[in-house]
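Here are my notes on the model. Please read them alongside the coordinates.

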Amino acid sequence: MTKMDFLERYAQENEPYVCASCGNCTLVCPVFRSLKWESYGPRGKLHIMKSIIEGDGEFGQDFANKIFLCTLCEHCTSVCTTGISLDRFWEVTRAEARQRGLLPRPAQFVLDSLESRGDIMWMGSADRLLWMEGIEEIVTDRILKHADVAYFLGCNVSLKSQLHDVARSMIKIMEYAGVDYTLLGEKEVCCGAPLGWAGKLEGINEMAERNLELIRSLGVKTVVFSCPSCIQTWSEYKRHLKEENDLELLTASQFISRLIREGRLKFEEQPMVTVTYHDPCISARVLKATEEPREVIEDIPGVYNVEMMPSRKSTRCCGAHGLLDVVDPVLSSRIAEMRLRDATVTPATRIITECPRCILAFDLAKFTTGYDITVQDITQIVAESLLPKKEEDKKSAEG
Amino acid sequence: MYREAIEMAEMKQETTNKPEPTPVTTEVSILDKLKEIVGDERVSDSELERVVYSGDPSSLPQYHYRWKGKYLADYVVRVENVNEIQEVLKVAHQHKLPIIPRGGASSCMGSSSPTHGGISLDMKTMDKVIEINKKSMFVRVEPGVTFERLGNELEKEGLTLGIYPSSAKSAVIGGWIACGGRGGIGTPFYGSLREHTTSLSVMRSDGKLQTVEGNDIDLFLQSYGILGIIVEATLKVHEIPSGYKTFSYCFHDLERLCISMMEMAKLEKKPLYLNIADSELQKYSNPMEKGRYVLTVTYIDEPDFLPLSELESITGNYDGTYLGDEFSEKDWDLRYDVEFNPKEHTETLMFQEFWMPIDKVYEMLSSYESYRESHKIPALWFGMLGTPEEMRLELMAMIDAEHYLKFIASKGILHKMMKKAIKLGGGPYTIGLQNSIYMSRAYPDRLSRMKEAKAKWDPEGVMNPDKVTDCMTSFRRIDFLFLLATAFRRLSRYVGK
């Protein structure tokens, strides 16, 4: 028998035995769909893990690499007939790999970056202000201000220039609706999610707490996120967030939908835009936030959503989650291409989503496949469809 | 010649009881030859891959299948076309390596598990829907196509295959053909897979491609890949029905449940799906608030197909209580999962599948209920109507495999149940590796036909050895071992006291 410290510590040691080997997980796994070898699929990995536990195999570099070739998209968990929380199992198995010194080098880089810089890209706290370029006047006073709502950008939106417009769009929406909001600015650090993906489960709470301490001190009641993985991490690792901190965590579309229901956002007619909404894995399968983005799209006059298949909780991963985009960018891109094809068979001219990783993945897949389709965050289409303020005032006066 | 090689391998097993590695020098050359055929990407000799491709949902503890001999495949090859299969077969013959065709591996009983190493041939990549002919109502498919994809493609034309196994989420069509497709969802209404199969293209073990039609198709259903490799199938299709309607009833009495099931099966209006289960199994998927047994039956939701008054009369006569629309719909939705759900709560879900005449189901179940009491085994069961006359019955025991004696004793009880089933005119449902010992007793005529066919189609015994026509152990030996194990189990209870 091979002892698995982390599996035991996180009560996951029975999961390989609970697996019924039915194979449901295999066919939905994006990595298996791309590589086609069973040892890359969830059933195969569980089977191997069982033989390692029983002393019939070794936890070597080969297996460790396979464990990291996974997007942690939770599709396997959602179809598991025996209800195994496979996403949790893969994270704990990654911790086993790290303990054995078998972390793939890109994952080690992310870990080092998180520990020394507080982000996933070896940048720094000052770089978290770069997205504000051009709107400094509006946002500077919002940084670390006491407010009801905090906007938590996350590493990707803060630090990657292609995604800066997502943050700027959210600011435009909040300003438009007159939301009392705050930003953590350069004090914001990673939410902690990539620590789990890199097998360092024990560091997540500490990282999350660095943000939460600040948020609490600002009297915040609602935190709005541009990245669903941040919400997932805080919800899972700070289980009593609501009770202990009286904090509500919302996706961008959940927040925007609320603003629309409160009558705080008005849209102008768009010239017949057909979009398709791509459900990010974590939003759909974990946060169950599948209807709000569709409601928001429906509320914009002239914008029509056509469903790509599969969608909602059966959505397919974009390939960029769970560190796969850094551990194996080629495989990640191949998975994104497969998902992009689901969109291109619809009549849509734009993909709308609400996850920065999905946007980056699709942008790359567009490049590798040559498909011409616009990819936007939900905040971007909302911000650009807002009825100009003067017209809104005029309409209100007329009304 | 090939059999001699197997015998030699078995002699080696007796002395070492460890899988024998193929000599390094040969291994390199075989691997290179296989790579030459399919390319580097689609062949593997890595231990991780071989471990994965040698198992299936039997979920037996490792110690249990040590006796299988060289239970790991030597190579795994993913084939994409007939030419590749042909070339791989040449290599297999040249090096006397068994070929083990593998589909979704969602069946059980070790159907695609090696016993003498060899090449595990992954057929999932041959997954084309070649032709959908709406005029003549048939579809031509490659064996690796999944039921989901086939369903989606047919749906675009307003068609359906109508029948599928309860493992349809992961199974592939070729695998279901090889396993027989006798009973599944839809078969009581549309007929079994045999009645849907009009033609098969089969690659013989000597590499020749042959079309199989008419009565010869019978040989290939339940052949478990021992005769050749199915590379294409032509199947009948149907128009998609407008909708389905499900009714679930609870019963307090086992006999009344079974009589109700039989009467429903015999009605002129046939169900698409009819299952029975005990509350123990049901509690893991769709728990009942009252009653000890449940019967769920689904029909096409059209007046011509719905026997509403007959159902009311049958359930009224035998004290069945309708469990409501919500429960019924949930039971229908859970049709893929219900048999797997208990596995979540146990390390080893020991089970055996039987193919029983429906009028013998009560006798089987009451006997299993007695064992539940007398041997204190955590028993549960499930039955799915396969044809209007026969039912696939699944008897399970939730056992922790670490408790060796309990585990073996439970297997012993399932063995006794199999002997009883055979006496009653039934037999094993899935044959595979584990149930081949019952072939001579349960299906002697079938065994002799299959032996003849094996000699004709695969004279050198390359294809999936030790399934159906051959067996690694004898019935008598297993019978004696289980007799001892169950006796010890009973004895241990008294000693314990």
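1. Angle classes first. Angles under 35 degrees count as roughly parallel, over 145 as roughly antiparallel, 65 to 115 as roughly perpendicular and the rest as oblique. Angles run from 0 to 180 degrees between N-to-C directions, and axes are lines fitted to C-alpha atoms, for helices over the stretch in contact.

2. This is a predicted model: local features need pLDDT of at least 70, side-chain atom pairs count only at pLDDT 80 or more, and totals for chains, interfaces and linings use all residues. Residues are numbered from 1 along each chain as its sequence is written, with chains lettered from A and ligands numbered from 1 in the order in which they are written.

3. In chain B, helix α10 (residues 254-266) packs against helix α14 (residues 361-374) at about 155 degrees, with the axes 9 Å apart. α10(B) and α14(B) are therefore roughly antiparallel. (Helices are DSSP runs, H or I, of at least four residues, numbered from the N terminus.)

4. Which residues of α10(B) meet α14(B)? They are Leu254(B), Glu255(B) and Cys258(B), facing Val361(B), Tyr362(B), Leu365(B), Ser366(B) and Glu369(B) of α14(B). Contact requires C-beta atoms, placed from the backbone, within 7 Å.

5. Chain A contributes 26 residues to the contact and chain B 29. On the chain A side, α2 (15-18), α3 (24-28), α5 (42-53) and α6 (61-68) give two or more residues each. α5(A) gives the most, with four residues.

6. Chain A has domain 1 (5-104), domain 2 (111-261) and domain 3 (273-385), with bounds from an automatic or database domain assignment. Eight residues of domain 1 of chain A contact six of domain 2 of chain A.

Definitions and conventions
Contact = placed C-beta atoms within 7 Å.
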